[in-house]
Amino acid sequence: MSSTAVASGKVEYTDSENRNALFAVKAHLIAGLSVFLLMMLGGLTMRAAQGTWIEIGVDLFYQIMTVHGVGVVGAAMIASTGVQWHFLRKYVRLSNAIFWTNFFIFLTGVVMILGSIFLGGYGGAWTFLYPLPAISMGAWSTGAAAVFQLGLLIIGVGFLILYLDFGRAILARYGSLARSLGLTMLFGKEPVDPAHPKAVVASTMVLIVNFLGIAAGAVVLVMGLINLYNPEFQPDAMLMKNLIYFFGHVVINATIYASVIAVYELLPRYTGRPWKTNKVFLAAWFAIVFMVMGVYPHHLLMDFPMPAWAMITAQVLSFGSGIPVLVVTGYGALMLVYRSGIKWSTTTKLLFLSMFGWAAGVIPAILDAMVTINRVFHNTLWVPGHFHFYLLLGLLPMIIGFTYHLAGEGDRSEQPKATDSLGFYAYLIGAFMTSMVFLASGANSIPRRWAVHMEEWVTFAQVGTIAAALVVLGTLLFTLRAIFILPGAANPR
Amino acid sequence: MIIKVKQEWLLLTAFVVLALPPMQQFLEQSMVTHMLVQIPVLAIIGWMLGKKLPENWKSKITLWNRWGITGMVLAVIIMTYWMLPRALDAAISEWHFELVKFVTVPIMGIALSLSWPLLHPIAQGVLKLEFWATFMRLGWLYLDLPDRLCANYLLGDQRILGQLLLLGGSAWAVAWTLRVMFGTRIVKT
Ligand code: HEM
Ligand SMILES: [Cu+2]
């Protein structure tokens with residue numbers, strides 16, 4: 001088939017375009033990692049405060065919690081977009097200018113958000129749950145809440161622009177998203193092309209869900225803004241909550257699906273084995289489009305006015321959410337690595353770790369999505385426990401692994417240095433402990449989002465602080481590596 | 001040539017019919033027809049007129065309309081203005097505002113038709129999205145606001161308009177989805 005040959009062919013760019021693109025990807029990674037590092041220091045501070053080792057004001061705690069939440073989500077978005085864009089542009093013609101545009105719009109939004117938090121005192125959490133931003137009881141001004149939401153809105157617009165470019169490029173090459181997602185192959189309209197790029201499949205999924213998620217966010221943010229300045233307009237709080245969590249859940253979830261492209265693209269290189277696209281793979285990615293969008297009501301399991309069918313759907317989907325892609329990816333990765341004589345570099349170690357972290361992190365998540373368990377664990381530290389697990393051990397290893405690849409391991413088969421190994425193990429142990437302490441705290445009914453902990457809980461927070469320090473150490477080593485070595489590294493062939 | 005003249009006359013006739021009291025008053029009786037029939041039709045008349053402008057006019061305008069930016073800014077300003085409830089109120093109660101409406105809305109149409117094709121495809125996408133989001137936001141607002149926004153229209157009218165806006169926005173979203181997912185085109189553009 002001639003179209004198959006076209007479908008697996010690569011896009012040609014000029015040298016200067018390629019140089020600029022590589023520079024842009026590195027800027028995304030460095031920005032993302034630096035923000036992660038800073039936000040982790042914030043996490044460490046929160047833990048130390050809960051553990052009574054340091055004393056900070058309650059308002060400062062909530063400002064840090066807000067900046068931590070919004071900061072890591074933003075960093076995850078910008079860094080995972082860097083990973084995704086780097087690989088996607090090989091298969092469809094993407095615009096460097098648009099990529100940079102989103103980056104600078106993002107930075108603008110970040111400045112606004114930082115201002116709203118640390119100058120304006122906004123501390124209503126990154127989820128800006130209506131009507132909290134409007135009723136701070138003097139802790140922050142209406143203006144601060146508005147600037148925070150405007151900052152988010154601007155960042156959303158930037159990403160929409162980028163996704164329009166993704167969509168344009170994918171449609172130009174494949175004609176429809178159904179085709180780029182592989183539905184035509186899945187349903188037998190076209191023969192299965194084993195070389196159909198996984199980056200394109202994953203990107204199509206991310207494009208669809210994030211587009212809808214951000215569109216919902218754009219509507220709900222403006223409604224919140226109108227309410228701030230026009231308090232007699234009181235939108236339905238349940239509807240607002242639905243839209244906010246749809247937006248929030250989709251956006252943070254999609255970062256994993258964008259970053260996993262690094263696993264698909266890099267493991268075959270390091271093992272020297274091809275990773276073929278087949279129907280199971282396509283079916284998994286097709287299912288995940290709906291799952292990622294359908295599970296968000298697990299955040300609303302305790303809201304009795306919600307219709308029962310939405311809750312049941314959410315619970316059923318949550319059981320399986322992530323599993324299809326996780327299984328095809330994890331199994332595929334194992335098969336690639338098994339007896340391949342792979343040389344373990346920091347890149348491959350991290351990518352492999354990410355499979356474990358993602359898989360294991362899903363288990364507490366599924367537990368919490370069961371109504372009976374949620375009744376007990378809702379709003380306990382169990383929740384931060386599960387998401388720190390797969391974000392720290394699933395998402396970040398993908399991003400950092402890719403960074404190491406770009407920083408030289410991909411090219412000169414550079415050996416990991418002692419500092420890299422130290423970083424890796426500090427990070428691994430610290431991240432695992434951080435998550436487990438959160439989970440254990442949740443199992444002991446310690447609530448989340450409490451600035452001051454009761455005496456019985458303090459030991460948990462103190463162990464958590466030590467764990468956090470290890471994560472910070474590991475991330476510091478990784479980030480230094482990225483900042484000093486990445487800028488000068490050549491493009492791995 | 002004959003057809004061309006005819007179409008321009010048709011547009012002019014349509015414009016006059018809209019402006020004459022029977023039609024004008026009929027459409028302005030309700031917020032729904034005012035916002036969803038009269039103003040859009042005026043804009044469409046402008047759009048079609050824009051297509052019919054003589055070539056040398058067009059090329060002169062293009063000099064001032066690099067990438068369609070000037071025209072789009074003008075169009076967006078006019079559109080935003082006529083989305084304000086108080087602007088609609090003024091048009092009903094004072095004849096000079098009404099006159100301004102009958103002049104500026106067709107101008108907006110002309111500006112759109114001259115500028116839209118020049119616009120970068122990504123900018124087109126952003127504007128379409130923003131327009132869609134405006135439909136949804138306004139629809140929601142009209143449904144939920146406890147008070148009338150327009151002094152001249154009833155609350156019930158506002159609610160119906162809200163529902164229609166949400167319905168229209170949803171239909172648009174479905175059409176878009178079909179288009180990008182499966183390449184199905186419901187409306188040819
Ligand atoms: C050293 C590493 C980290 C530490 C010590 C840490 C610590 C914390 C703490 C103490 C909280 C507040 C818990 C509470 O409700 O009492 C929190 C919340 C949160 N963290 Fe982290 N964190 C770390 C890294 C990350 C990373 C890498 C991500 C995402 C990629 C992340 C995402 C979040 C989110 C989304 C929240 C919820 C904020 C909210 O409740 O509004 N964290 N973290
Ligand atoms: Cu969720």
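A residue counts as buried under 20% relative accessible area, as exposed over 50%, and as partly exposed in between. His249(A) is at 9% relative accessibility and so counts as buried. All of this is read off a predicted model.

Both histidines belong to the copper site. The copper ion (ligand 2) is coordinated by ND1 of His249(A) and by NE2 of His298(A) and of His299(A), at 1.8 to 2.1 Å. Along the sequence, the donor residues follow the spacing H-x48-H-H. His249(A) sits in helix α9 of chain A (residues 237-259), while His299(A) sits in the loop between α11 and α12 (308-320) of chain A, so the pair ties together parts that are 50 residues apart in sequence.

Helix α11 of chain A (residues 279-294) also turns up in a helix packing. Its partner is helix α13 of chain A (residues 323-337); the two pack at an angle of about 150°, and their axes are 8 Å apart. Since angles over 145 degrees count as roughly antiparallel, that is how α11(A) runs relative to α13(A). As for handedness, the crossing of α11(A) and α13(A) is left-handed. On the α11(A) side, the contact is made by Val280(A), Phe281(A), Ala284(A), Trp285(A), Ala287(A), Ile288(A) and Met291(A), which meet Pro324(A), Val325(A) and Val328(A) from α13(A). Sorted by type, the residues of this contact are 10 nonpolar, no polar and no charged.

Elsewhere in chain A, Thr347(A) is part of helix α14 (residues 346-368). Thr347(A) has 0% relative accessibility and therefore counts as buried. Setting aside neighbours within four places in sequence, the residues in contact with Thr347(A) are Leu266(A), Tyr270(A), Gly401(A), Tyr404(A), His405(A) and Glu409(A).

Over in chain B, Phe182(B) belongs to helix α9 of that chain (residues 155-182). With a relative accessible area of 51%, Phe182(B) is classed as exposed. Once neighbours within four places in sequence are left out, Phe182(B) is in contact with Ser176(A) and Ala178(A) from chain A, and with Thr177(B) from chain B. Leu12(B) and Phe182(B) are separated by 170 residues in sequence, and the C-alpha to C-alpha distance between them is 40 Å.

Note on methods. Residues are numbered from 1 along each chain as its sequence is written. Chains are lettered from A and ligands numbered from 1 in the order in which they are written. This is a predicted model: local features need pLDDT of at least 70, side-chain atom pairs count only at pLDDT 80 or more; totals for chains, interfaces and linings use all residues. Side-chain values use heavy atoms; hydrogens and water are left out. Axes are lines fitted to C-alpha atoms, for helices over the stretch in contact, and angles run from 0 to 180 degrees between N-to-C directions. Helices (H or I, at least four residues) and strands (E, at least two) are DSSP runs, numbered from the N terminus. Angles under 35 degrees count as roughly parallel, over 145 as roughly antiparallel, 65 to 115 as roughly perpendicular and the rest as oblique. A crossing is left-handed if the near helix is turned anticlockwise from the far one by less than a right angle, and right-handed if clockwise. Contact means heavy atoms within 4.5 Å. Ala, Val, Leu, Ile, Met, Phe, Trp, Tyr, Cys and Pro count as nonpolar, Asp, Glu, Lys and Arg as charged, and the others, Gly among them, as polar. Donors are N, O and S atoms within 2.8 Å of the metal (3.2 Å for Na, K and Ca); water is not among the atoms, so sites may look incomplete. Buried means under 20% relative accessible area, exposed over 50%, partly exposed in between (1.4 Å probe, protein chains only).
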